[in-house]
Amino acid sequence: MTTGIGRPDGDDRAGRTAFQGAPGAFSHEACVELRPWDEHVPFETFAEAIEAVKSGACDCALIPVENSTIGVVEPAATLVAEAGLPVVAEFWRKIQIALMAVPGADLAHLRTVHSHPVALRQCAAKIAALGLDVVEAFDTAGAAREVSELGDPTRAALAPVAAAEVYGLSILRNDLQDSDTNRTRFVLLARQAG
């Protein structure tokens, strides 16, 4: 198994890489960074992203299966194990989580923070210190999109910095993750190895 995901020598064709989440999500960032030649196709659930590979709608799927702060990422890890698809590559990627809200929002007036349950767990101590109520969302970038659409200055999202730009939000704090060495292991699934 390789430790990185690179373009095979002599392969100049673009493919389709499935990921779970909305544009701007951590998985989307990983796709852009590691497979920039592909079309990146978002799916709401890990199961849908994996099924897209099984059905042939996508060539591969990039799925997070483990985090250095919280351990196994579920249900992703179980779905990968049960998928019957080969893992053709894997890598660890640093995860920095930003707290973002609509422009003009003030940290002191925030009441809730929205994000994927895995991201919320990676920031649990800092969320508690801020006294915020958590609201689970299907994805980090999806939470940012929702906070933007609601326009409520008492709501914030935990998401990658890039999601703030995509959805017109302001960064209130960078690096909200509890661990400075927070990393996630992604695996690349394909219909066949090679």
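A crossing of two helices is right-handed if the near helix is turned clockwise from the far one by less than a right angle, and left-handed if anticlockwise.

**Ground rules.** I'm working with a predicted model, where local features need pLDDT of at least 70, side-chain atom pairs count only at pLDDT 80 or more, and totals for chains, interfaces and linings use all residues. Residues are numbered from 1 along each chain as its sequence is written, and side-chain values use heavy atoms, leaving out hydrogens and water.

**Entry 1: two helices.** I looked up α2 (residues 46–55) and α3 (residues 76–83), whose axes come within 10 Å and cross at roughly 20 degrees. Helices here are DSSP runs of H or I, at least four residues, numbered from the N terminus. Axes are lines fitted to C-alpha atoms over the stretch in contact, with angles from 0 to 180 degrees between N-to-C directions. Angles under 35 degrees count as roughly parallel, so α2 and α3 are roughly parallel to each other. Their crossing is right-handed.

**Entry 2: who touches whom?** I took contact as heavy atoms within 4.5 Å. From α2, Phe46, Ala47, Ile50 and Lys54 meet Ala76, Leu79, Val80 and Ala83 of α3.

**Entry 3: Ala81.** Is Ala81 buried or exposed? This residue of α3 is exposed, with a relative accessible area of 67%. The cut-offs are under 20% for buried, over 50% for exposed and partly exposed in between (1.4 Å probe, protein chains only). I also checked Val65: its C-alpha atom is 9.8 Å from that of Ala81, and the two are 16 residues apart along the chain.

Technical notes: Parallel < 35°, antiparallel > 145°, perpendicular 65-115°, else oblique.
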